[in-house]
Amino acid sequence: MTQLTALGKSPAAPTARRGPARSRRAIVLNLIAVVIGLVVWTLLATIGVQGLPGPLEVAAKAGELIADGTLLMDSLASLRRVLIGFLLGTLLAIPVGFLMGWYATARGLLEPYVQFFRTIPPLAIIPLAIVLMGIGEVPKVFVIFLASFLSSVVSTFQGVVDVDKTLINAARVLGASDRTIFLKVVVPASTPFILVGMRVGLGSAWGTLVAAELIAAQEGLGFRMQQAQLYYDLSTIFVGLIAIGVLGLLMDRLLLLAERRLTNWQERR
């Protein structure tokens with residue numbers, strides 16, 4: 001009996017330790033990747049690749065922009081635009097995606113428009129947005145909203161369509177109503193797709209930010225980078241790029257954490 005008990009418990013210990021060990025290994029690899037990137041960057045700057053500023057020069061410029069409050073002001077302005085556009089795009093994309101995936105009529109009516117606008121880059125909408133909405137905050141947020149919406153709606157739709165039909169049929173056999181099936185089967189099964197779509201939409205939102213801030217912006221990371229371009233100030237451009245990357249990475253990590261919490265029932269590699 002003791003041997004059986006020991007045998008029964010032995011696989012659990014490695015499984016329990018696997019998660020923290022994997023996380024530590026990932027962190028170490030991430031740090032190694034950062035160090036390698038800094039070394040390569042320093043080497044390229046040392047040999048004088050097209051006037052490329054080195055890490056120390058960029059860090060000094062970042063210190064200047066932090067000291068006078070410029071970096072904080074620009075970061076908050078860009079973060080506000082991205083958050084508003086991303087949240088509005090996601091909040092609209094999820095119900096639209098569910099409608100398209102669950103109701104054939106809604107799919108037939110909405111899918112042509114979704115697929116049509118997916119082929120048009122959000123940046124191409126900027127001239128039209130300026131004409132229709134002016135040069136205030138609305139067109140900037142709208143372009144970011146459109147990029148987020150189109151990424152998220154397709155993922156949500158695909159998540160609903162890909163729900164295992166066996167689960168739905170089993171629920172029907174057990175007497176579940178359509179509402180119960182939707183809430184208890186379709187929504188949980190679609191959640192991983194929705195969260196992946198949100199992560200893609202977040203990347204699209206940040207990717208659209210710089211172009212959106214072309215619309216008569218007076219502050220923002222994209223605006224600051226465009227101003228620096230006029231004076232060939234590469235250090236400021238690099239500071240803006242790094243700030244966008246860091247903010248986007250932090251937001252993506254938060255979404256990844258939410259994904260793990262909400263889909264902990266899934267098997268993971």
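A salt bridge is taken here as a side-chain nitrogen of Lys or Arg within 4 Å of a carboxyl oxygen of Asp or Glu. By this rule, eight salt bridges are counted in the structure, which is a predicted model. One of them pairs the side chains of Asp233 and Lys61, with an N to O distance of 3.9 Å. This pair links distant parts of the chain, 172 residues apart, with Asp233 in the loop between α10 and α11 and Lys61 in helix α3. Asp233 counts as partly exposed because its relative accessibility is 23%.

Asp252 takes part in two of the pairings. With Arg253, the N to O distance is 2.6 Å. Asp252 is buried, at 14% relative accessible area, whereas Arg199 is partly exposed at 25% and Arg253 is partly exposed at 41%. A network of salt bridges also links Arg80, Arg81, Glu137 and Glu213.

The largest nonpolar core comprises 35 residues, of which Val82, Val186, Leu202 and Trp206 touch the most other members. Helix α9 gives the largest share of this core, 12 residues. Beyond its neighbours within four places in sequence, Val82 is in contact with Ile144, Leu202, Ala205, Trp206, Leu209 and Met251. Another core, of 11 residues, lies apart and includes Val114, Phe149, Val153 and Phe157.

Ile36 belongs to helix α2 (residues 12-46) and counts as partly exposed because its relative accessibility is 49%.

Conventions
Residues numbered from 1 in each chain as written. Predicted model: local features only at pLDDT ≥ 70, side-chain atom pairs only at ≥ 80, totals over all residues. Heavy atoms only, no water. Helix = DSSP H or I, 4+ residues; strand = E, 2+ residues; numbered from the N terminus. Buried < 20%, exposed > 50% of the residue type's maximum accessible area, 1.4 Å probe, protein only. Core = buried A, V, L, I, M, F, W, Y, C linked by side-chain atoms within 4.5 Å. Contact = heavy atoms within 4.5 Å.
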